[in-house]
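Dear colleague,

Please find below the structure that I am handing over to you. My findings follow directly after it.

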Amino acid sequence: MATTVGQQMAVAIAPKFTAAASAISSTTTIFLITCRSSEKRTYHRLVLGMSMCDLSASAAWFFTTWPIPRGTPGVYGAMGNQQTCSAQAFF
């Protein structure tokens, strides 16, 4: 069953909102731990590491369809080429 253009747009655009919210939250957490926390316990370091990993994953989710090669059938918002697709796959 083929997807409609509206469904393709929803699948391409929805992750950008959730990824942006996650990136903002992770950035805030990183800031609070590095700049404002007076105690640097193991717990704080673990949360810092998880927030840094989440920030990189959020960036990858934000770019979901953009690196896909232009002209790929069934993908709304594809603007990349083979090199950008390979770079996204690496992350």
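Helices (H or I, at least four residues) and strands (E, at least two) are DSSP runs, numbered from the N terminus. The model is a predicted one, in which local features need pLDDT of at least 70 and side-chain atom pairs count only at pLDDT 80 or more, while totals for chains, interfaces and linings use all residues. Residues are numbered from 1 along each chain as its sequence is written, and side-chain values use heavy atoms, with hydrogens and water left out.

Serine 26 belongs to helix α1. This residue is buried, because its relative accessible area is 5% (buried means under 20%, exposed over 50% and partly exposed in between, with a 1.4 Å probe and protein chains only). Apart from neighbours within four places in sequence, serine 26 is in contact with Ser51, Asp54 and Leu55, where contact means heavy atoms within 4.5 Å.

**The two helices**

Two packed helices are described by the angle between their axes and the distance between the axes. Axes are lines fitted to C-alpha atoms, for helices over the stretch in contact, and angles run from 0 to 180 degrees between N-to-C directions. The axes of α1 (residues 5-36) and α2 (residues 42-62) come within 8 Å and cross at roughly 155°. Among the residues that make the contact are Ala19, Ala23 and Ile30 of α1 and Val47, Leu48 and Leu55 of α2.

**The aromatic rings**

Rings of Phe, Tyr and Trp (its six-membered ring) pair if their centres lie within 6.5 Å; planes under 30 degrees apart count as stacked, over 60 as edge-to-face and the rest as tilted. By this rule there are three aromatic pairs. One of them, phenylalanine 62 with tryptophan 66, is edge-to-face, at 5.4 Å centre to centre and 85° between the planes. Phenylalanine 63 and tryptophan 66 form a tilted pair, with 5.7 Å centre to centre and 50° between the planes. Phe62, Phe63 and Trp66 make up one aromatic cluster. Phenylalanine 62 is partly exposed at 27% relative accessible area, and tryptophan 66 is partly exposed at 30%.

Yours sincerely
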